[in-house]
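My notes follow the structure.

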Amino acid sequence: MLAYSTYSEAGGVGKTTTAANLAVAHARGGLKPLVVPLDPQDGDLSRLFDVDDQRTEPVDNIVRHMIRRPKGDFDDLIRTVDGVDIIPEHNMLSDLAEYLQREKDQAEAMGEAFGMHAQLLRVLREAGVPDTYDVLICDPPATEGPHLYNAIHATRSLVIPVEPTAKGRAAVEGLESLVAGIEDQLDLDVGVLGALPIGFKDTRDQRLILDEIDYPVPEVIGERASLMEGCWMQQCSAFTYVREHRDRRRDYELETLAQFDRVARHFESQVGLEAPNPPESGDLDHEVVTA
């Protein structure tokens, strides 16, 4: 199974839209992806995919499963959009640290072990996710804490959206020390599948910044603010937005969709995963067929 978390220390770099569009690209190839977003903020992947209608309701959610208080089966949490299975975010994520600490204290009082940062991994394994899905994508917030640590513990790999600016360069430069610190804290190896520059305008300064990125860069995505804003307005992936909400198909947007397809194939190849029904990159009329 291909597993990764989309992460950047810098906010507003397209982390969530990257996770969403790569998930759809994996599905377009005939693979079965599961996305577990863990961001407690309202502008999150659940909202992007329009599956956040119960985030304030007293319903079962991923946090309840992580603290061993589920109200139902794991499979009942899942919503499906564009061939992608999603575990919608819930407002309980805002207090995840407190819930996990409380459960840890109770477990230790009973002489039991409770790894606060391994609970998402436990839930996914107990639900048979590695056997059911081809791809797992976690989308944690851009801050250190139990959301990020649980995501990394579950995936062991990162995909880094990069803003090709001085701010983005600083975030990438700090990532190596951050990853080393996480590895020490969680006692595991964390890999970086690649960096994905987004918002590239081909300026001299941006080219210099790209040259300084030490991680693999499978594609460089141009400035697509209108496309991504449209996704948020219509609550859908870029593939759906161009196919259903654009009055005409623009070549540069089709190329961006093709880039997401190519990046998905690239990451799949890193773990020897072969998409059974890969589309021609950017082909909006490709039928999604999953097992």
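I worked on a predicted model, where local features need pLDDT of at least 70, side-chain atom pairs count only at pLDDT 80 or more, and totals for chains, interfaces and linings use all residues. Residues are numbered from 1 along each chain as its sequence is written, and side-chain values use heavy atoms, with hydrogens and water left out.

**Sheet.** I traced an open sheet of 8 strands in the order β3-β4-β2-β5-β1-β6-β7-β8, with mixed pairing. Strands are DSSP E runs of at least two residues, and helices H or I runs of at least four, numbered from the N terminus. Pairing takes at least two DSSP bridges. β3 (79-81) and β8 (221-222) stand at the edges with a single partner strand each, so one side of each has no neighbour in the sheet. β3 pairs with β4 (residues 84-86) in the antiparallel sense over 3 bridges. I found I86 in β4 as the bridge partner of R79.

**Helix pair.** I looked up α4 (residues 96-109) and α7 (residues 146-155), which pack at about 70° with axes 9 Å apart. Axes are lines fitted to C-alpha atoms over the stretch in contact, and angles run from 0 to 180 degrees between N-to-C directions. α4 and α7 are therefore roughly perpendicular (65 to 115 degrees). L96, A97 and L100 of α4 meet P146, H147 and N150 of α7, contact being heavy atoms within 4.5 Å.

**Pocket.** I noted that 16 residues line the second largest pocket, with Q54, V59, D60, L77 and P88 nearest its centre. A pocket is an open set of points on a 1 Å grid over the protein atoms alone, where a 1.4 Å probe fits, with protein on both sides within 12 Å along at least five of seven lines; lining residues have an atom within 4 Å of a point.

Terms used
Angles under 35 degrees count as roughly parallel, over 145 as roughly antiparallel, 65 to 115 as roughly perpendicular and the rest as oblique.
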